[in-house]
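Here is a short note to read alongside the model. Please keep the structure open while going through the points.

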Amino acid sequence: MIQYNFEKLEIWTLALEGIHEIDRLCRKFPKQEKYILEDQLKRACLSIALNIAEGSGRGTKLDFRRFIRNEIGSILEVVAGIRIAISKRYFEKEDSRLADGILEKLYFKSLAMEKYLKR
């Protein structure tokens, strides 16, 4: 099986970890959030991984950098969604510790990737 370039990136691996962790957290949401915050969080998390994959296939560093910027925006959207869920008491802050760690690492590595692509 072929391994695509994006699959070699650490930010891709972190994005996949984030997807699994957000899925775990979303299981704690009440039913009324199924198509509201839960859906938004899952879509934003998928957007992180999909922007990495799509951007890596673009022909220039400038194009890839634009997708990394979108990915960073999606990371922040997921972080905000987690904070909202905590404020609504869908789960405790301690429950999101692993997700927060993954997102923080992903955020800073993505900023570094964006900086690298500026060269």
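1. At what angle do helix 1 and helix 4 pack, and how far apart are their axes? The angle is about 155°, and the axes are 9 Å apart. Helix 1 covers residues 10-26. Angles over 145 degrees count as roughly antiparallel. Helix 1 and helix 4 are therefore roughly antiparallel to each other. The crossing of helix 1 past helix 4 is left-handed. Keep in mind that this is a predicted model.

2. Which residues make that contact? From helix 1 come Glu10, Ile11, Leu14, Ala15, Glu17, Gly18, Glu21, Ile22 and Leu25. On the side of helix 4 they meet Leu98, Ala99, Ile102, Lys105, Leu106, Lys109, Ser110 and Met113. By class, the contact of helix 1 with helix 4 has 10 nonpolar, two polar and five charged residues.

3. Now step back to the whole chain. The protein chain has four helices and zero strands. Along the sequence the pattern reads α-α-α-α. The radius of gyration is 15 Å, close to the 14 Å that the globule rule gives for 119 residues, so the chain is as compact as a globular protein of that length. Along the principal axes, the C-alpha atoms fill a box of roughly 45 × 30 × 20 Å.

4. How much of the chain is buried? Of the 119 residues, 40% count as buried. Contacts across the sequence can be described too. Among contacts with a separation of 6 or more, 72% link residues 24 or more positions apart.

5. Helix 1 also packs with helix 2, which spans residues 37-56. Their axes lie 9 Å apart, at an angle of about 170°. Helix 1 and helix 2 are therefore roughly antiparallel to each other. In helix 1 the contact residues are Ile11, Trp12, Ala15, Gly18, Ile19, Ile22, Asp23 and Cys26. They meet Glu38, Leu41, Lys42, Cys45, Leu46, Ile48, Ala49, Ile52 and Ala53 in helix 2. This contact of helix 1 with helix 2 divides into 13 nonpolar, one polar and three charged residues.

6. Look next at Ile11 in helix 1. Is Ile11 buried or exposed? Ile11 counts as buried, because its relative accessibility is 4% and the cut-off for buried is under 20%. Beyond four places in sequence, Ile11 touches Ile52, Ile68, Leu106, Lys109, Ser110 and Met113. Ile11 and Ala112 are 101 residues apart in sequence. In space, their C-alpha atoms are 10 Å apart.

7. Helix 3 and helix 4 form another packed pair. Helix 3 runs over residues 61-87 and helix 4 over residues 97-118. Their axes come within 9 Å and cross at roughly 160°. Helix 3 and helix 4 are therefore roughly antiparallel to each other. Helix 3 passes helix 4 in a left-handed crossing. The contact of helix 3 with helix 4 has 16 nonpolar, one polar and eight charged residues.

8. Glu71 in helix 3 deserves a look. At 0% relative accessibility, this charged residue counts as buried. Which residues does Glu71 touch, leaving out those up to four places away in sequence? They are Ile48, Asn51, Ile52, Leu106 and Ser110. Leu16 is 55 residues from Glu71 in sequence. The distance between them in space is 13 Å, C-alpha to C-alpha.

9. Ser74 also lies in helix 3. Ser74 is buried, with a relative accessible area of 6%.

10. Finally, check the backbone at Arg89. Where is Arg89 found? Arg89 sits in the loop between helix 3 and helix 4. Most residues other than glycine have a negative phi. Arg89 is not a glycine, yet it has a positive phi of about 65°. Arg89 counts as exposed, because its relative accessibility is 69% and exposed means over 50%.

Note on methods:
Residues numbered from 1 in each chain as written. Predicted model: local features only at pLDDT ≥ 70, side-chain atom pairs only at ≥ 80, totals over all residues. Heavy atoms only, no water. Axes fitted to C-alpha atoms, helices over the stretch in contact; angles between N-to-C directions. Helix = DSSP H or I, 4+ residues; strand = E, 2+ residues; numbered from the N terminus. Parallel < 35°, antiparallel > 145°, perpendicular 65-115°, else oblique. Left-handed = near helix turned anticlockwise from the far one by under 90°. Rg over C-alpha atoms; globule rule 2.2 N^0.38 Å. Buried < 20%, exposed > 50% of the residue type's maximum accessible area, 1.4 Å probe, protein only. Contact = heavy atoms within 4.5 Å.
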